[in-house]
Amino acid sequence: MTLILSLYDYWKLFNEEEPIRQNSDSDKFDMIRKLQIIYGEGFHREIHLRDDVLLSIYNYQSQKSVVVESPVRGHMIEFQFFPLAGSQAQNISSRAGQYFLSSDGMALESTHFHHEFFGLIEVGVHIKPKVFYSFVSDISGEIPPELKHLFRRSDQPTYERYGIQTPAMLLAVQQILQCPYQGITKRIYFESKVWELAALIIDQELQINQGNLITTMLKSSEIERIRNAKEILLQHIHNPPSLIQLARQVGLNDRKLKQGFRQVFGTTVFGYLHNHRMELAQKLLMEKNMNVTEVARTVGYTSLPSFSYAFYKKFGVNPKSYQTKKVRLE
């Protein structure tokens, strides 16, 4: 059986409940309300960072299908992140590892489905347009032309798109979900993460509108193949396959692998491998169990000068000096 609710009735179910957690008077900006009725249970958390900035965390587990019908309505600028997902908006499925961006303006009618036996975790950022405008504008009050489409009149339909969360986005979302602070420190921490996520999305939006980023939606099977490609790279750090060989191993063409890898991981295939090698080298140098030549070989470099140059370019210091500095500090 499918339960059909209007958006008003849907939110009424949350707001009828008294907050179930406020750790102290200084945490009154952070309210959690539960939802526990016949078709599932969960909670909705509203974190009022200031009058014009709201952070929401939605955690819901359903045993039956739920349909929420949303009417035409005014809209803030919103980012929604799905570390785990089982929902649909109109005809587009939101999956784990995706985000959804929508501008201000008039949101059109839509239907949201929460499918049977699915759990949904969603982290949402809601910002009033005037605040977001001040964030992206320069000292003269102008904003880049690539971002003007995010600001709409109240009678214009919202701009909307889905994207793949980068590792930096996923990390910021997890840090929000696992925030270790309380009181004013927690509020400052949450707001810093909100603007960090905003900066990461703005960066992608600029790249898209400058033609530097492809936004073709990936299927869940394609995302899994791309993640498998990453594992293959890390397993063959000394002798990685070529791009074409790697694409064949995971069942994609090389173009799809290149575009998809940048969407999922925010960098190129071999850019990812290079960063991994450098981070591993940094870790090994800190542990001081190997000399520089041994570290270079461990991370896949046969040429010590090439390794030293790559390390210097990444960290601004040569590996020998880095290791020596760590020894002195300890």
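Select Gln245 to start: at 43% relative accessibility, Gln245 counts as partly exposed (between the under 20% of buried and the over 50% of exposed, with a 1.4 Å probe and protein chains only). This is a predicted model, where local features need pLDDT of at least 70, side-chain atom pairs need 80 or more, and totals for chains, interfaces and linings use all residues. Numbering runs from 1 along each chain as its sequence is written, and side-chain values use heavy atoms, without hydrogens or water.

Stay on Gln245. Its side chain reaches the backbone nitrogen of Ser242 at 2.8 Å.

Now widen to helix 6, residues 243–250, which holds Gln245. Helices are DSSP runs of H or I with at least four residues, strands are E runs of at least two, and both are numbered from the N terminus.

The axes of helix 6 and helix 7 come within 9 Å and cross at roughly 90°. Axes here are lines fitted to C-alpha atoms over the stretch in contact, with angles from 0 to 180 degrees between N-to-C directions. That makes helix 6 roughly perpendicular to helix 7 (65 to 115 degrees).

Show the side chains at the contact (heavy atoms within 4.5 Å). Helix 6 brings Leu243, Ile244, Leu246 and Ala247, and helix 7 brings Asp254, Leu257 and Lys258.

Next, jump to helix 2, residues 129–136. Val131, Phe132 and Val136 are buried there. Look down the axis: the buried residues fall within an arc of 125°, so they line one face of helix 2. The arc uses directions from the helix axis to the C-beta atoms.

Finally, zoom out. The protein has 11 helices and 14 strands. Of its 330 residues, 43% count as buried.

Notes: A polar contact is a pair of N or O atoms within 3.5 Å; within protein, one must be able to donate a hydrogen and the other to accept it, and residues adjacent in sequence count only if both atoms are side-chain atoms. Angles under 35 degrees count as roughly parallel, over 145 as roughly antiparallel, 65 to 115 as roughly perpendicular and the rest as oblique.
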